[in-house]
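Open the model in your viewer and keep the selection tool at hand. Each stop below says what to select and what is there.

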Amino acid sequence: MKSRLLFCLPLALILLAWSDPSSAGPGVWTSSGPAGGRADVLVASPFTADEFYALGNGTVFKSIDGGTTWSEASAGINRRVFQLVHGGTAANRLLASNSSKIWYSNDGAMTWQDRSPPAALLGTESIGRIAASSALPGTYYAAASDGRVLITEDSGLTWRASAPIVQPDDLFIQAIAADPAVPHRVLVATATDFGVSDHRIWVGDLSDPPPPTVWTTVPCAVDCPWDQAPIAEFEFGSMGRVWAIPSFGGPVTRSDDGGLTWTATSVVSGNRISVNPVDNTEAYVAGDEGLHYTTDDGATWTQVLSGFVGNDLLQPARSSDVIYNPFNPSIQLAGSFTNGVYRRNALPPLDTFVPQISGFTAQQIRAVASNTLDRVHAGVSDSFGATYVGFRSVNNGATWSTANAGLDADQFRALVVDPNDSDVIYAGGRFDPKSDNLGVTVPGNGGVFKSTNGGLNWVTIDNGIPLTPAPFAFSLFGTVRDIAIDPGSADPVSGESQVLYAVGSGRFRQDSAMPGTVVQDAARIYKSTDAGTTWVASETGIGGGEITATGQVIFASGVQIIVDPTDPSGNTLYFAAFISRPTATEPTIDNGVFKSIDGGATWSNVTNGLPRANGSTAPGAVSADVLSLAIDPTSGHLYASINDLTNSALGTVYTSTDGALNWSFAGTGLDNRDVRDLAVDPVTGDVYAAVVDPLGNGDGGVFVSDDGGASWASLSTGFPGTAVALKLELDNSGPELLIHAGTSRGVQSFTALPDGDTDGATDDTEDAAPAVARGGLPGDGNGDGTLDRLQQDVASPQVVTATRGTPVTITASITPISGTCDRLENSFGLGLLSGVPSEATYDSPFSGLHLRIPDCEEAEVQLVYHTRSFDDDPSWRIRGYGLAFPDQETTAWFDIEPASVSGSTWSFTVADGAIGDATPDDGIIVFQGAAKQLTEAFFADSMEAE
């Protein structure tokens with residue numbers, strides 16, 4: 001059975017229009033796409049017709065109609081996953097993994113159970129490839145980074161380790177596959193780093209007890225297929241047939257004796273292979289533009305491009321994976337690096353594929369812009385190769401369509417609407433060298449683009465931005481990460497703004513003619529005074545590059561630029577920068593925040609008070625990296641998100657009230673958080689932050705501060721736990737603030753209805769809370785005589801129950817035991833969380849709540865289930881879905897004990913770092929739980945191995 005591994009290239013995104021009737025709900029994050037994204041891994045069920053699984057940007061998706069439509073299937077997985085395999089011996093058995101965790105599903109990905117190897121066995125090593133044995137039920141193999149293979153024979157309930165593979169140089173396991181005909185026999189491909197080429201194939205006997213010789217190397221004659229490039233993937237057929245393909249393409253090779261001897265075939269571009277389950281002589285290869293296939297044992301290969309249209313310029317999309325339909329092998333599905341899943345829609349010999357992305361929400365969006373016409377623009381990021389980059393919504397994100405006419409970009413990192421002409425839109429990103437569908441080299445460009453008709457059509461505007469020589473030219477400016485417009489520069493005739501600033505990576509290198517000196521090939525800032533027609537470098541004072549001890553050239557790269565709206569002349573600018581460097585390197589060049597008071601002609605470093613790179617306290621140490629800037633247009637107060645990229649990607653927020661001369665901490669509630677973007681509401685001055693949960697437990701999303709950064713509260717009601725917030729756009733042109741967040745799961749949108757106590761339940765919702773007792777007040781769900789919407793420690797959200805289609809109210813209140821524990825955040829129904837699985841042994845007819853309790857060590861919680869009564873029925877109890885402390889990695893359902901009930905009210909205690917807490921963050925308790933009732937199924941073995 002094939003092991004499916006995610007390619008660790010930074011890419012993603014999609015195709016064609018897709019819509020869903022959902023839209024930005026009142027006070028709840030919702031999304032309608034755009035659909036598509038990087039389809040990393042495809043798996044077909046060998047037992048159920050038309051059942052397929054896919055990994056999209058770290059999330060599991062499932063299709064039950066042959067890959068036509070998809071839905072998320074990650075309940076119980078609390079991390080992004082990179083590999084997925086089907087057990088192969090029974091229906092619905094799957095294993096998913098990332099570098100440190102493994103999950104198992106025995107119900108077709110409806111729910112997942114943590115089956116990670118124990119820490120004592122894995123140690124500090126990471127998990128690489130996984131494989132399933134189709135000869136032994138419940139048997140799976142996981143490659144460890146030290147050359148061992150971890151083995152389970154009961155679907156992860158217990159694990160053991162093989163003897164390590166030993167080579168003269170450091171190795172890692174590149175591929176692993178289990179022989180379907182010989183139990184416990186595996187093929188493993190190892191690779192060494194780029195400095196040493198010692199790639200090998202091994203035959204392993206992983207029986208228990210182990211044989212005297214566990215690993216036997218397969219001889220490699222000179223120029224054997226894996227001599228220069230390691231094997232990327234094995235695929236077993238029948239009758240001893242094995243196919244293999246080297247990394248980065250090369251001669252596909254096959255074996256007819258289970259991998260002992262190999263015969264090279266033709267050279268094919270790609271690194272994933274899939275074999276026809278009923279015909280050993282036919283195989284497909286993915287990893288290049290379109291697909292390649294053979295029907296004659298690899299003697300000849302045919303390229304399939306039809307249908308793999310990557311963008312509106314008809315450049316072909318690159319495939320990432322391919323899989324046969326085992327019930328109809330004439331049909332295949334292909335994943336792409338850019339545009340989601342493709343499916344064959346015509347039988348051979350017609351080699352035609354079409355995109356099938358409905359419900360496949362795996363877009364990586366780092367660029368979002370909106371205007372006052374209900375129009376939202378979004379751009380795909382982190383993709384390389386022909387991509388449908390631009391998307392457009394004309395109804396505030398309710399539906400999306402592609403908007404790529406004339407666009408020769410492979411990703412967007414910036415989108416901005418001209419404040420003087422809403423039909424004029426600028427975009428920054430990058431183009432990567434490639435050929436078109438006829439094999440003709442595509443001219444390169446500088447990664448700056450413009451539309452004058454609301455994003456429908458685009459032109460490249462890169463005059464003055466340096467490129468490498470043709471053919472296969474690329475921009476020396478690098479990735480364009482931001483574009484800023486001077487709103488006071490409108491042309492009196494056309495109305496268009498004329499002054500623009502584009503920020504990119506820039507480029508420095510060692511001078512080959514004078515080793516030890518640095519040459520600059522491209523600036524970090526380019527300025528245009530003619531609406532993007534021409535560009536000139538504008539970065540004097542930003543600084544140069546330096547050479548590290550290992551010979552690497554490092555320099556400050558641009559990430560964001562803003563024009564100070566409080567300066568009518570438009571001459572005051574702020575620029576944010578970061579330095580990519582080895583972990584131990586302490587740079588001496590300027591970094592962080594720079595300021596210009598002459599329209600970008602000269603710059604000065606302004607970082608007094610910001611933390612230093614690598615946590616240094618030495619005098620004169622350079623600033624830590626700054627990943628985003630925002631400014632209050634009324635007060636001129638600045639906000640910067642700090643992120644020391646060499647320190648586990650943790651950061652916080654700082655503010656300046658004197659034009660960046662001095663900075664002070666403004667991250668209470670966000671300390672040690674990865675803040676990707678900041679935005680200020682020009683009407684209220686409230687500051688919003690796109691926050692990544694550094695611990696991976698879904699406690700990220702969007703945060704807000706209404707006191708200038710003195711404190712922050714999570715504003716993440718319904719925000720998907722598997723989504724990473726990357727970019728923010730605020731639209732306050734309507735009656736309520738509309739927030740659009742670019743994420744790893746498309747664009748998430750939020751209508752900010754009044755919620756004075758910021759507990760996640762809107763004022764109107766809390767006012768509808770039933771009176772808890774006779775003579776009580778409507779809106780006082782806990783019956784303490786005060787309206788819930790006036791109390792931060794009481795929340796009355798409405799939830800949808802399993803037994804009724806209409807929402808009902810659950811009121812939560814907290815009483816501190818240890819810590820401040822004075823407020824609730826993100827109070828919403830568990831039905832909005834796709835990552836919380838159901839339980840086979842418990843019913844939850846009345847649903848439950850997600851509650852975030854910051855600044856708290858221990859608190860008593862009361863849940864009032866209005867109109868319900870639980871007295872005198874011992875089958876009811878409070879169950880919480882959280883971490884299995886002291887194990888801070890495993891999540892599961894637990895009884896919350898002790899818990900008492902009186903009528904409709906449950907009382908229990910939750911503590912930080914104890915059962916019932918879903919995050920390992922110190923001082924923050926995240927409770928996810930419900931009143932549940934035991935079912936007759938509690939006698940069933942929910943921990944079955946196979």
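Start with strand S60 (725-731): with five residues, S60 gives the most to the lining of the second largest pocket. Strands here are DSSP runs of E of at least two residues, helices are runs of H or I of at least four, and both are numbered from the N terminus. This is a predicted model, in which local features need pLDDT of at least 70 and side-chain atom pairs count only at pLDDT 80 or more, while totals for chains, interfaces and linings use all residues. Residues are numbered from 1 along each chain as its sequence is written, and side-chain values use heavy atoms, with hydrogens and water left out.

**The second largest pocket**

The space in this pocket comes to about 1,300 Å³. Select Val-416, Val-417, Val-680, Glu-729 and Leu-730, which are the closest to its centre among the 46 lining residues. On a 1 Å grid over the protein atoms alone, a pocket is an open set of points with protein on both sides within 12 Å along at least five of seven lines; a cavity is a set where a 1.4 Å probe fits but cannot get out; and lining residues have an atom within 4 Å of a point. Points are joined across faces, edges and corners, and a volume is the space filled by probe spheres set on them.

Next, colour the strands that each supply at least two residues of this lining, among them S33 (365-370), S41 (480-485) and S48 (553-563). By type, the lining has 27 nonpolar, nine polar and ten charged residues. Nonpolar covers Ala, Val, Leu, Ile, Met, Phe, Trp, Tyr, Cys and Pro; charged covers Asp, Glu, Lys and Arg; the others, Gly among them, are polar.

**The cavity**

How many cavities of 30 Å³ or more does the structure hold? It holds one. The largest cavity has a volume of about 30 Å³. Select its lining: His-377, Ala-378, Gly-390, Phe-391, Arg-392, Ala-403, Phe-412, Leu-415, Gly-455 and Trp-458. Strand S35 (390-393) gives the most, with three residues. Six of the lining residues are nonpolar, three polar and one charged.

**Trp-70**

Go to Trp-70, in the loop between strand S6 (59-63) and strand S7 (71-72). Is Trp-70 buried or exposed? Trp-70 is buried, with a relative accessible area of 6%; buried means under 20%, exposed over 50%, and partly exposed in between, with a 1.4 Å probe and protein chains only. Show what Trp-70 is in contact with (heavy atoms within 4.5 Å): leaving aside neighbours within four places in sequence, the list includes Phe-52, Tyr-53, Leu-333 and Phe-360. A polar atom of the Trp-70 side chain lies 3.3 Å from the backbone oxygen of Gly-67.

**Asn-339**

Move to Asn-339, in the loop between strand S29 (332-336) and strand S30 (341-344). Asn-339 is buried, at 0% relative accessible area. Its side chain makes a polar contact of 3.4 Å with the side chain of Thr-338, and another of 3.4 Å with that of Tyr-342. A polar contact is a pair of N or O atoms within 3.5 Å; within protein, one must be able to donate a hydrogen and the other to accept it, and residues adjacent in sequence count only if both atoms are side-chain atoms.

**The whole protein**

Finally, zoom out. The protein has two helices and 74 strands. Its C-alpha atoms fill a box of roughly 80 × 75 × 55 Å along the principal axes. Of its 946 residues, 61% count as buried.
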